[in-house]
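Have the model open beside you as you read.

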Amino acid sequence: MSEAVSALNRASRDGFVRVEECGLQGMVSLRGDLDSAKLAKAVTAAAGLDVPETGRILASEGRSVAWMSPDELLLIGPYAEAEPMRTALDTELAGEHALAVNVSDARAMFRLSGRDADVREVIAKLCPVDMAPGVFEPGRFRRTRMAQIPAAIWMPEPGEMRVVCFRSVADYAMTLLGNAADKGGEVGVFA
Amino acid sequence: MSTRLAKGGRLLNRGKPLDFTFNGKNLRGVEGDTLASALLANDQMLVGRSFKYHRPRGIVASGAEEPNALVGLGEEARFEPNQRVTTTELFDGLTCASQNHWPSLEFDVGAINSRLARFLPAGFYYKTFIHPRPFWKHVYEPIIRQSAGLGKAPRDRDRDRYEHFYAFFDVVVIGGGVAGLQAAKAAGAAGAKVLLMEQTPHWGGRAPVDGGLIEGAPPENFIDRTLAELEAMENVTLRTRMMGAGVYDHGYLLGYERVGDHQPDAHGPRHRLWRIRAGQIVTATGAIERPLSFAGNDVPGVMLASAIRDYAVNYGVSVGDRTVVVTNNDDAYRTAITLKQLGLEVPAIIDARPGGGGALAAEAVALGIRVENGRGVAWVKGRKRVEGVEICAQAGEGAALEEIKCDAVAMSGGWSPVVHLWSHCGGKLYWDEAAAMFRPDPDKAPTGADGEGFVRAAGAADGQFDLAAVLDNADAAGKAAAQATGHKPQDTAAPKAEAKAENPIEPVWMMPQGASIKLRMKAWLDFQNDVKVSDVQLAAREGFESVEHAKRYTTLGMATDQGKLSNINGLAILSDALGQPIPQTGTTTFRPPYTPISLASIAGEARDAAFQPIRKTPMHDWHAAHGAYWEPVGAWRRPYCFQRPGETIEDAVQREVKATRDSLGLLDASTLGKIIVKGPDAGRFLDMLYTNMMSTLKPGRCRYGLMCNENGFLMDDGVVARLDDDTFLCHTTTGGADTIHAHMEEWLQTEWWDWKVYTANVTEQYAQIGVVGPKSRKVLEKLSDDDLSAEGLSFMGWKDIELAGLKARAFRISFSGELSYEISVPAGQGRALWDKLLEAGAEFGVTPYGTEALHIMRAEKGFIMIGDETDGTVIPQDLGLHWAISKKKDDYLGKRAQARSHMTDPTRWKLVGLETLDGSTLPDGAYATAEGANANGQRNVQGRVTSTYHSPTLGRGIAMGLVLNGPDRMGDVLEFPRVDGHVIRAKIVEPIFYDKDGEKQNV
């Protein structure tokens, strides 16, 4: 069986922040009633995590659950575990009105790493989001616009940012992030 | 002569000389110079020519308000026209050239216009070039275009980087003078998150030049101390070289940061456009000095009094040995005193006020300066530089009383608060009669979503000119802004300040007040656009009573400086000519940006590879490496065809069609929209969305469907596959994926919110490959053990299979009329599958084909294409698609609309095939003519071509079109005139040209 490849095959660029494509990630989109106990149980069964609050992401042991909209979550984990996660959700939610779908291949994920202030600046050049410390912190999950494309961002930990966008525009996203992180472009606002 | 003084220049680092060139001439300045101060230090008084009369022009100001001294800065990929020398920091190796002259700055042929000025009054162009009519386009316009314009457009691609930055603050203070510093401090001390921006590289504004005492010490002490305090506050951000460019609704603010202009060799962006959301904005933008309107006020060497003072104090530059000061207020006395103290001559201060000045005047007199009260300047002697002034009685008509020799004239007509940013978003002004200026009206501030004002003016921008009042006012503005954003200001007083008491200004809009027409024709209002007192008066006489009309008629304030010097003087002249008070005339509209900002900064990151997102399929790189001639489809790039070396595009397309029909073609169909629709009500939902019945589709089967909008018009089509009882997969057109998904969600969220349906757009999850042609089953069978026989996977069926070791889904559908499959695999395996199919298909001469071959093959079969056969006005019934419209359903989107009389009108044009009699190909979009003409005298028409191709299969042109009563007129011949007049005759036929019985796909 052929090895599946991500859009940019882990390409990277080094500026005042390092930008790298993360390779294929497991992602399952789940739509359903986020208030229902059954859905919460299914999420725990699939990812070992609770249902996050509005605008938040929970993470543990390599898996995350992010709040996407009032009736949508995104489960993230290793690529190989996307199908098992989806199957677990389907099994737990049998008979419920819900939709779990594997979207791993539809997305590209980027990792930004460096000084915390610098990582924030790179995003603030492209997304209309208040990236100030104390405002955007680990645990927040934000769907937004990155220049001309939709994107979602979160900080797994200080000094690290993740960006998810559609696979077809991965090239564009890499150019944006890489250019924004080019040396000499430090803004020095969050330092 | 203007020159560098031996000492002084508080902003200079004299130890570091910088070389630069002006019009090819090598000159030298020092670190800290602006280009303006460096030019003056080199006695370069003449720096440009005016727009209309090509009059010699010199530097008139020292800041952003400069109207004259514009240069083309840099060369080639760094060339930029119309750059103000007063706001350009000097750097080593700077090159610049003056503008708007030919052949040279010193000798300019266009200056003849100045001699003709009497014949070129306001509105000259409008009056003169209107007759005879055809002359405008062919004679006048080309000549005017040739002679118009200041700077040249850049020719090379800009080599610099630009970017945006999104920022959020409670309080943004614009302007880093003493008012801005105090306002920022007051807001910062209250705990608000503050941004303080200053457009120049220096903090403190005018105060270090203008003097006075703050807490008993010179202003520099206050500036340094406050800056240190602000730097120590974590909640305060300080930026220099950043201009508040525009204020917009809801506290949106643009900050224009010139990061790299002064250090062109540094890495990093040249400009950064800050897109700021501010809770409150404090405009501490200062004030701009007004010129006086006397004859010859545009001669190089006539400058604003404050500018002459700035050049002396900040840059150690003397504009002339002998400077005559002419004023209507006390402030200009500071210039005289400053110059005198530097050892320069001030032959006289001409004060238009009969009563003269106050304490500053007394100081000037004490220094031995001659002061002439109640006098004015009648005439400035000299052309390319000042040689002297004739003085007269301000109350008279300009009879010269005396000529005073001098090299420079420092003029001051009073100060106008910079109210631009206050006004951008609707802040109103009032006319302060005593101070002769428009001031922000605090009761009519720009309001935010809560109806409360979100902009406050502070300091001179609020009309405060006394140092103590400036600080009090700014302190209050900072505190109020902090309070308005939920912070508690500290209970502290503003620093105490003292300045010399001043006598009131007396407005002087014309000098002398009864100036003759000869003088008025040489008294400039707008220096850049050559608008004089006489022009505005003429406009008033000719009925241009609205200030906005007078502006456009005379071009007053329409230059790149947007009338920063000229507007108030101009509207005062207009008011006088109309015999009405100034507030009744009002101001023209202040629009962003405050001064021009670079277009590149607006584009930000959107250039080159990041100009626009281009969507790429997993096979994109293969296509690019194999001669893909790209076609944009939505944001995707799809191969139109794959060109082989030596092949034309047409050849490639014809080859791809033939190869596919004869043997095996491959199509990258990954861009097709794929939407999962799941839930107990999914079938019911799709029955409403599609014109045909979807709920009866069996799992494992596919059905072609049409989607209409609520007006009945066909908007999308595609194949729906039922995955299981609850789940459907809807294919949409490439361009329709996002809009159809949004369309589904809109209906689910607004109308059918109680239906149990979830959708997910999985377009990008899958790579999809069309395997098309008589050998398609053979190649798949080579790669799979699954039963893909005619029975094992019948037409319009789908099944999950294993193909080349990959888990895949095979849809047996056909858009070409051939035996055909679409294979989908996860996108990450798309390229692998593509490679495997190429390898396995090699023995069949496998041929990847592009969108044009796809189009031809579907047209040969008479399949419609959304966007060709439809254009938003076509209903499925027009296209003979009745078979795909369910008669059994009670309702579907568009059903009622399609029953309306216009939709059922039998004269609606209907789809037919068109076959040219001579075998040629009809032009796309060509119309079939009918007898007679319509009410507009245009030829009547009876149909049009919607799709047209040369069919390699049939060896002739084929087309589809919409024709009046078309289906009832089989065999009729229509006439289609080409643009060149040649008429092509085409016969109406059935729209299926190839394999009418569908035998090829049913094998």
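Predicted model: local features only at pLDDT ≥ 70, side-chain atom pairs only at ≥ 80, totals over all residues.

Q: How is chain A divided into domains?
A: Domain 1 of chain A covers 12–23 + 106–180, while domain 2 covers 26–105. Their centres, taken over C-alpha atoms, are separated by 23 Å.

Q: What makes up the contact between the two domains of chain A?
A: Residues count as being in contact if their C-beta atoms lie within 7 Å. The contact takes 10 residues from domain 1 of chain A and 11 residues from domain 2 of chain A. On the domain 1 side, strand S9 (141–146) and strand S10 (149–157) of chain A each supply at least two residues, and S9(A) gives the most, with 3 residues. By class, that side has 4 nonpolar, 1 polar and 5 charged residues.

Q: Which element gives the largest share of the side of chain B that touches chain A?
A: The contact takes 40 residues from chain B and 41 residues from chain A. On the chain B side, the elements giving two or more residues are strand S9 (162–174), strand S36 (673–678), strand S40 (758–761) and helix H24 (830–841) of chain B. The largest share, 6 residues, comes from S9(B). By class, this side of chain B divides into 20 nonpolar, 11 polar and 9 charged residues.

Q: Why is B:Gly665 called buried?
A: The label needs 20 or more other C-beta atoms within 10 Å. B:Gly665 has 30 within that distance, so B:Gly665 is buried. Its place is in strand S35 (residues 665–668) of chain B. Not counting residues up to four places away in sequence, B:Gly665 touches several residues, among them B:Glu656, B:Val772 and B:Tyr849.

Q: Which residues of helix H15 of chain B are buried, and what covers them?
A: In helix H15 (residues 547–554) of chain B, the buried residues are B:Val547, B:Ala550, B:Lys551, B:Tyr553 and B:Thr554. What covers them includes helix H14 (533–541) and helix H16 (567–578) of chain B. After H15(B) comes B:Thr555, whose phi is positive, near 70 degrees.

Q: What makes S22 and S24 of chain B edge strands?
A: The open sheet has 3 strands in the order S22-S23-S24 (chain B), with antiparallel pairing. Strand S22 (375–381) and strand S24 (402–405) of chain B each pair on one side only, and they are the edge strands. From one strand to the next, the twist averages 30 degrees.

Q: How do you know that S22(B) and S23(B) pair?
A: Two strands pair if DSSP finds at least two bridges between them. Here 6 bridges join S22(B) to strand S23 (residues 388–393) of chain B, and the two run antiparallel. B:Lys381 stands opposite B:Gly388 in S23(B).

Notes:
Residues numbered from 1 in each chain as written. Chains lettered and ligands numbered in written order. Helix = DSSP H or I, 4+ residues; strand = E, 2+ residues; numbered from the N terminus. Nonpolar A, V, L, I, M, F, W, Y, C, P; charged D, E, K, R; others polar. Buried ≥ 20, exposed ≤ 12 C-beta atoms within 10 Å, placed from the backbone. Axes fitted to C-alpha atoms, helices over the stretch in contact; angles between N-to-C directions. Domains from an automatic or database assignment.
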